[in-house]
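Dear colleague,

I am handing over a structure that you have not worked with before. Please look through it first and then read the notes below.

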Amino acid sequence: MVPKISTLSGYLHEYQKSIANPTGFWENIAESFYWRKKWTDVLQWDFHKAEIKWYLGGKLNITENIFERHLFLRGEQPAIIWEPSNPEEASRTFTYEELFSHVKRFANVLRSHAVKKGDRVAIYLPMIPELTIAMLACARIGAIHSVVFAGFSANALSERINDAGAKILITADEGIRGDKIINLKETADEALESCPTIKSNIIVKRTGSPIDWNNRIDYWYHEEMEKVNDEAIAQEMDSEDPLFILYTSGSTGKPKGVMHTTGGYMVYSAYTFRNVFQYSSGDIFFCAADIGWITGHSYIVYGPLLEGATTVMFEGTPTYPTPSRYWEIIEKHQVNEFYTSPTAIRSLIALGQKWADNFELKSLRVIGSVGEPINEEAWHWYHDHVGKNRCPIVDTWWQTETGGIMISPIAGVIPTKPSFATLPLPGIQPIILNNENEKLCGKSVEGNLCIKFPWPGMARTLWNDHERFIQAYFSQFPGHYYTGDGVRRDEDGYYRILGRMDDVINVAGHRLGTAEIENALNEHPLVSESAVVGYPHKIKGQGIFAFVVCNDLPAKDAGEELKNSLLKGVAKRISPIAKPDVIIFTRSLPRTRSGKIMRRILRKMVEGNTDFGDVSTLTNPDIIQEIQTKVLENLEK
Ligand code: WTA
């Protein structure tokens, strides 16, 4: 097991050590794992070329570190407790031994479909145990998994499958979330019409509803599992062999295939899991995220299972059948550490506090927050009504690209402060730069959050597009990794994340690029152009505000019908999560003389700000007043 910090002085000591001698620090942590062959060199890096390698020459398989390493002690211990969406359905438990057997079987299924080391496997599954089994089976044989969130549309799925060149798709007949049924197979079929690389589609039976069947490529998961045995030797992997790709939104329209490798990600996800949550042997850990996002990868699957924990996997939503669902699960399974998003907390606050107050939640020791800034009101409510004034909150800042938590309290060790992610974890070296690329030293400063030294869990590239990797993260502030977030360091040296500085918005904890939403809107034949910005939203943190200009159609004629058709278009192109909350039609958008849309002005307007700064470079300053009137009408609603 990785070493655990348990006191503030211990943290300060480890932090100093990790800065003074980073390679020695990370070498020591990596010693906790099982390596078939030890590394020869701990780190090679060049932030100008964006080349980062950890544990060079090391050979391992991450599943041997989850299973073989733990079986002797934990074979009988639950690895996964799966809780269905509907509480009337039984939960399912998989011990380490049982999970291992499923993983090896499915590894053999993949091998029988000619999947080899380095091949990509797309996984489009709801929150069912087979999702974890499929990921680990890929890792067992060295295939690279690319999990696509089950809320994404056919278009979004095929785009991701084609970018990765996936050979196999794994999906389900349907998914269940609260009172909703999600037609996954139908959506997958539509996606596969334009995915020539897919040779087999393996389908998990979740609901048993009738589905269309394509004899050429469709296979039932349960039938394939019957055909194989459960002996599957792990593929030997190099530390730097890819483990997975996970697509995320950037500031241009095309999603980015963030690629993580085996050795570094293993060390980092396990280390941060144990330390941030102060996980102890025997604890039950419940992360309520979806595995379709990085939080689920690192803190439902890899981090907890690498540390031999019992991880709760929940299929449903916090409000179905009642807003007590999370609290019931915590009591039913005696959860010790609970991890969710500010949006989930705010939506529960809006439904009234009796739901949480009805439960004592005595088993809880640590509660966590992730994905977006947590406002003070939500922080206090979470602390008082869920943590019962007893459990420390870990407000964890990190990103798909960072692989694991970067800035966060260590539970019970680092004193918390509402809405502050507090201090960097050992090994993490943040630096705040102003727009002129100057370092802002000392306390009480605000600027762009960058990281100046590599850590093992960081992404290594964007799939098939290293140039974009350099451009997106290492070019604005040469020699540093740029996070895209703004940050303030206060008088105590604590970090408060201010939110994205680029064209990425964070809607209900879902990361979306405004450009991808604009592209979807612009596909409508009546739309000539659009601009999308985020605006403060009480529950979702940020809402989506769209300004749309139509062809041959005076803005006053554009009405509800067109709005609905635009919303449908966005849901189809991306996902229902990307649908704008507000759409307003306008004659034109504010533009500079060089033709650029002035999003800065639109952003200020939707924040209710009336000081737009210098507008002298606009070609059409008269449009501002007109748009602003409409914005105010809509914000009041
Ligand atoms: C935001 C999610 C404030 C941030 C793990 C980041 C946060 C983006 C926090 C990454 C936090 C994440 N406080 N903001 N505790 N955690 N963010 O890739 O803007 O889906 O850049 O990874 O979420 O989102 P992603």
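Predicted model: local features only at pLDDT ≥ 70, side-chain atom pairs only at ≥ 80, totals over all residues.

Residues are numbered from 1 along each chain as its sequence is written, and side-chain values use heavy atoms, with hydrogens and water left out.

The second largest pocket has a volume of about 260 Å³. A pocket here is an open set of points on a 1 Å grid over the protein atoms alone, where a 1.4 Å probe fits, with protein on both sides within 12 Å along at least five of seven lines, and lining residues have an atom within 4 Å of a point; the volume is the space filled by probe spheres set on the points, which are joined across faces, edges and corners. Of its 17 lining residues, R92, E130, V204, Y221 and H222 are the closest to the centre. Helix α9 gives the largest share of this lining, four residues (helices are DSSP runs of H or I with at least four residues, strands runs of E with at least two, numbered from the N terminus).

In the backbone, a cis peptide bond joins Y320 and P321, with omega about -5°, and P321 sits in the loop between β17 (310-314) and α12 (325-332). Y55, in strand β2 (residues 51-56), has a positive phi near 55° although it is not glycine. A508, in the loop between β26 (504-507) and β27 (510-513), also has a positive phi, near 55°.

Best regards
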